[in-house]
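Subject: Structure handover

Hello,

Here is the structure for you to look through. Please open it first, then read my notes below.

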Number of protein chains: 2
Amino acid sequence: MTTEGLYGAVDLGGSHIGLALGFVDVDAGNYRLVARRNLEGGGYDGWEPMLDRIAEGLLELQREVGRRPAAVGVGCPGWVDLEAGVTRFLPNLPGQWRDVPVARLLGARLETPVRLLNDVRAATLGEFRFGAGRGVSTMALFALGTGIGGGVVIEGRLRLGPLGSAGELGHQIVDPTGPLCGCGNRGCLEAVASGPAIGGTGVRLLRSGQAPILQKIAGGDTEKVNAETMGEAARAGDEAVTKELERIAGLVGIAAANVVVTLHPELIVLGGGVAGLGDLLFDGVRQTIRERVRVFPTDDVRVEPAALGTDAGLAGVLAWAASGGGAGLDGDRNHG
Amino acid sequence: MTTEGLYGAVDLGGSHIGLALGFVDVDAGNYRLVARRNLEGGGYDGWEPMLDRIAEGLLELQREVGRRPAAVGVGCPGWVDLEAGVTRFLPNLPGQWRDVPVARLLGARLETPVRLLNDVRAATLGEFRFGAGRGVSTMALFALGTGIGGGVVIEGRLRLGPLGSAGELGHQIVDPTGPLCGCGNRGCLEAVASGPAIGGTGVRLLRSGQAPILQKIAGGDTEKVNAETMGEAARAGDEAVTKELERIAGLVGIAAANVVVTLHPELIVLGGGVAGLGDLLFDGVRQTIRERVRVFPTDDVRVEPAALGTDAGLAGVLAWAASGGGAGLDGDRNHG
């Protein structure tokens, strides 16, 4: 395993594109970004000019640092052919990037190997290598944001599955007759515990007149109702809001409990904006696991916040590039 | 990896104890039992006479075959310290076998290494090596019987977890406000889709007078209402029974769908007595996965019946013994 060196990272998103160069020491569990840039995510006329802009941005960073990265990892919001380095379906990007040979095209421009990975699997790998999961063998990550993504690492190995699709923990069914999810199914965790789902719950409370403190915080403006202001209202004593957040934390807890009985991991990591709810979320998840996983003892299962924040994805694709992920897909293990 | 040779197998259960000697060729995916015996599971005064009887039984088989097994695997209904070869908690056996050093005690009697494994994890390994999962890389097994156990194999490796407890797929929560489960939680798959849960549903239908064909098949005797007679009634056109079996298959499907989004396996294996429902179960599970997993395509996920029947556990501990499981726990992989 390559353990030290300069690598490149791209975090490809609909609202912004993060670029970075960084040194990585996978064995020591360290990375250090030495140059970075954010590009606009939108406003491109298809994937080609977007890829051009990414290549230019990385070449600019390379000139700043004065050195070419040994490899570049690209985190993609969707499904990618990991071995071929071709995007298959990135639903949240303009043009959906169907069958774009990113590894070949970008690799030719940068004159270095390029490796793709799903963005939330990348964040999982980042937290595993450098963040909350350092030193852990088996863990799962829930990325609780606008959507809910996830990832699992089993005995030191990121589980990828076909097109890197395994680890979609936000599409576990936690409420079989629950609300419609963006994916088309009903009652997915994402449909009840994503940022927009929590905001929607808050707006309903506001409109029903049951949440006086939330009403005050939002100044009656439904645009200001979100996980953050809901958390504020709950901490200030808004009972209806507190009750709803407890219910939602319990649903995240059910999804976490299902992962626990299936894999018995040492660690569940909660990241993304919704994890900013802090104890309001974590206490409920921990309690649900304790109360609902009765089939074996769970004293050894920790539930912890993500440590790397929004850098987890960049850190993860750096690790992915450094571990040779994509070349036979057997690069990223503890015990290579 | 030892690939050919004679191994011993013990399938330790509350109602009976299966003993066998067999030849195993893990690489070729073959095993062949050459001697076997069933002992009574009950009627022992604690674990010591039970272990004596097992040792005697295996020595008798050894004399029959005229050869000592290279190692013996023991499938245990509960939690075991895999490295130490000590049982921790086998709730369904008299005395619960707390902290019994089975590997040491039985190994001394048989003069051969003895390795322990949870019984349903053993069945999973059996199906993976020799049965429905031959040639597959990632699979999950649901053992749908009096209880619901399970197991997962990820990229050629049986997931064990602390005390071999990972893979308890029957304790996924499929109905958060559902009935109480034997484990103490509510709405586990086991509480709604085990043999007794299905029988209970049938008895309620019978008592309510809604299931005329089931009534006829059971002759009004609630003792005769079980998954088998329910299946018979449904196939003969009993609408209420059919509807309930569809509902139950849908709940198994939800548990399977959760495993699919988490691990994206190639194969889900359904075994145990309840799997005898055949299409009544399998169609519902397949349909639920197809309809409810929308986040990625699932055309590549098969749902198949177990192939080894009640021998899966014996086959699995044979494989476990042959692969050196327990010695560092790193023995059972495809790519050792």
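A term to start with: two strands pair if DSSP finds at least two bridges between them. Keep in mind that this is a predicted model.

Strand β1 of chain B

With that term in hand, look at β1(B). Gly8(B) stands opposite Val72(B) in β4(B). Strand β4(B) covers residues 72-76, and β1(B) pairs with β4(B) in the parallel sense over four bridges. With β2(B), residues 16-25, β1(B) runs antiparallel, and eight bridges join the two. Here Val10(B) faces Leu19(B). A hairpin of three residues connects β1(B) to β2(B).

Is β1(B) buried or exposed? Eight of its eight residues, 5-12, are buried, so the strand is largely enclosed by the rest of the structure. Gly5(B), Tyr7(B), Ala9(B) and Asp11(B) point one way. Leu6(B), Gly8(B), Val10(B) and Leu12(B) point the other way.

Helix α2 of chain A

Now go to residues 102-110 of chain A. Val102(A), Ala103(A), Leu106(A), Gly107(A) and Leu110(A) are buried there. Seen down the axis of α2(A), the buried residues fall within an arc of 110 degrees, so they line one face. An α-helix has 3.6 residues a turn, so residues three or four places apart point the same way.

What covers the buried residues of α2(A)? The cover includes α1, β4, β6 and β7 of chain A. The face turned away from the buried side carries Arg104(A) and Ala108(A), which are exposed. Just after α2(A) comes Glu111(A), with a positive phi of about 55 degrees.

Best wishes

How values were computed
Residues are numbered from 1 along each chain as its sequence is written. Chains are lettered from A and ligands numbered from 1 in the order in which they are written. This is a predicted model: local features need pLDDT of at least 70, side-chain atom pairs count only at pLDDT 80 or more; totals for chains, interfaces and linings use all residues. Side-chain values use heavy atoms; hydrogens and water are left out. Buried means under 20% relative accessible area, exposed over 50%, partly exposed in between (1.4 Å probe, protein chains only). The arc is that of the directions from the helix axis to the C-beta atoms. Contact means heavy atoms within 4.5 Å.
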